[in-house]
Amino acid sequence: MMQSFTYYTPTKVVFGRGAEAQAGMLAKEFGAHKVLVHFGGQSARSSGLLGRVTASLREAGLGVVELGGVVPNPRLSLVRRGIELCKNEGVDFLLAVGGGSVIDSAKAIGYGLANEGDVWDFYDHLRDPEACMPIGCVLTIAAAGSEMSNSSVITNEEGWLKRGCNTDYCRPRFAVMNPELTMTLPAYQTACGCTDIMMHTMERYLGRGGSMALTDRFAVQLVRTVMESALVLRDDPQNYDARAEVMWASSLSHNGLTGCGSGAGDWASHQLEHELGGMFDVAHGAGLAAVWGSWARYVLDAGPARFVSLLGGLFELPKAGDDTAKALAGIEMMEGFFRSIGMPASLHELGISPTEEQIQEMGQKSCWNGRRLIGGMKRLTAEDACSIYRMAL
């Protein structure tokens with residue numbers, strides 16, 4: 001049965017070749033006077049992108065402050081540094097130039113600037129933010145969907161806790177998307193991004209809250225398009241059309257569209273991966289691929305027909321057998337697809353071998369030491385999480 005929903009997507013999208021030249025005009029349109037340009041490593045500078053973006057801002061008459069250094073699994077320490085820098089410099093707008101990690105870091109800085117107290121409180125779910133400094137982004141990696149989403153994930157180096165904060169306050173005012181900017185990504189990073197996009201859609205699909213035929217069909221076709229494009233990019237990394245398909249899918253997969261009418265979905269795979277990322281600093285998409293098959297088999301008995309509905313739209317499942325047998329075949333096919341684009345389908349293939357002690361620690365952290373259950377298809381305890389990690393070895 002279809003569930004009621006609210007669909008809210010306030011982000012203005014400017015998509016296409018050379019779109020980054022409009023960053024200054026867009027920031028000014030949304031009220032900026034002095035902009036923090038937030039980015040990752042030196043590639044943003046050496047590629048010339050940072051120079052083009054800051055020139056666009058200055059041409060629009062805006063002040064510019066720069067803060068680089070964002071890493072995958074973005075760190076709380078840099079967020080706190082950014083908050084202090086913006087306060088000292090009188091920054092009133094944040095512009096993220098990068099992928100999901102940079103955008104998430106900018107969102108956290110935005111929360112810290114617009115609210116009193118320690119910004120980590122919002123990620124530790126001790127209190128809720130009431131505002132966020134306005135944010136725009138120039139996207140360079142198609143993966144996280146943070147450019148249109150309400151979510152942000154930050155890693156606290158004290159305890160290596162990876163936590164998310166989801167509110168509509170942090171949705172970017174605008175997102176500049178030029179697929180050409182993703183052409184220099186290594187093949188592994190491109191595949192990680194495609195995996196993350198697929199997961200954002202599949203995790204919304206594989207819940208028990210409800211279904212809506214139109215949303216379901218759109219979701220399946222989005223995943224199919226990403227899979228087809230991932231194979232094209234594996235063999236032809238400079239293919240503009242495939243880059244464009246993946247970049248647009250990244251945004252649509254995580255702005256709420258693919259979950260309309262289906263309820264909250266099931267985010268256990270993400271929550272399990274967050275602990276892998278926090279402990280082992282693995283690439284997010286690769287971590288998702290490594291645990292997904294084990295999670296799927298563990299919860300399959302709660303909704304085999306739903307798995308068949310999704311996987312049957314992506315693969316040619318066996319005609320014989322019940323839904324469970326068909327779903328198991330589809331799960332194995334999905335793992336085969338991950339391997340075909342260079343993604344792992346187990347923790348061993350990911351290159352890590354957690355000890356039992358580490359598994360217990362990740363299981364406890366995933367459930368916030370007993371403060372919550374995770375998952376939607378099946379509600380999971382810390383011990384369930386540990387069982388899935390063991391299966392994934």
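Q: Which residues does S262 touch, not counting residues up to four places away in sequence?
A: This is a predicted model, where local features need pLDDT of at least 70, side-chain atom pairs count only at pLDDT 80 or more, and totals for chains, interfaces and linings use all residues. Residues are numbered from 1 along each chain as its sequence is written, and side-chain values use heavy atoms, with hydrogens and water left out. Contact means heavy atoms within 4.5 Å. Not counting residues up to four places away in sequence, S262 touches Q3, R204, G209, G210, S211 and R306.

Q: Is S262 buried or exposed?
A: Buried means under 20% relative accessible area, exposed over 50% and partly exposed in between, with a 1.4 Å probe and protein chains only. The relative accessible area of S262 is 3%, so S262 is buried.

Q: How do helix 7 and helix 8 lie to each other?
A: Helices are DSSP runs of H or I with at least four residues, numbered from the N terminus. Axes are lines fitted to C-alpha atoms over the stretch in contact, and angles run from 0 to 180 degrees between N-to-C directions. The axes of helix 7 (residues 187-205) and helix 8 (residues 213-235) come within 10 Å and cross at roughly 165 degrees. Angles under 35 degrees count as roughly parallel, over 145 as roughly antiparallel, 65 to 115 as roughly perpendicular and the rest as oblique, and helix 7 and helix 8 are therefore roughly antiparallel.

Q: How do helix 10 and helix 15 lie to each other?
A: The axes of helix 10 (residues 268-280) and helix 15 (residues 356-366) cross at roughly 125 degrees. The two helices, helix 10 and helix 15, are therefore oblique.
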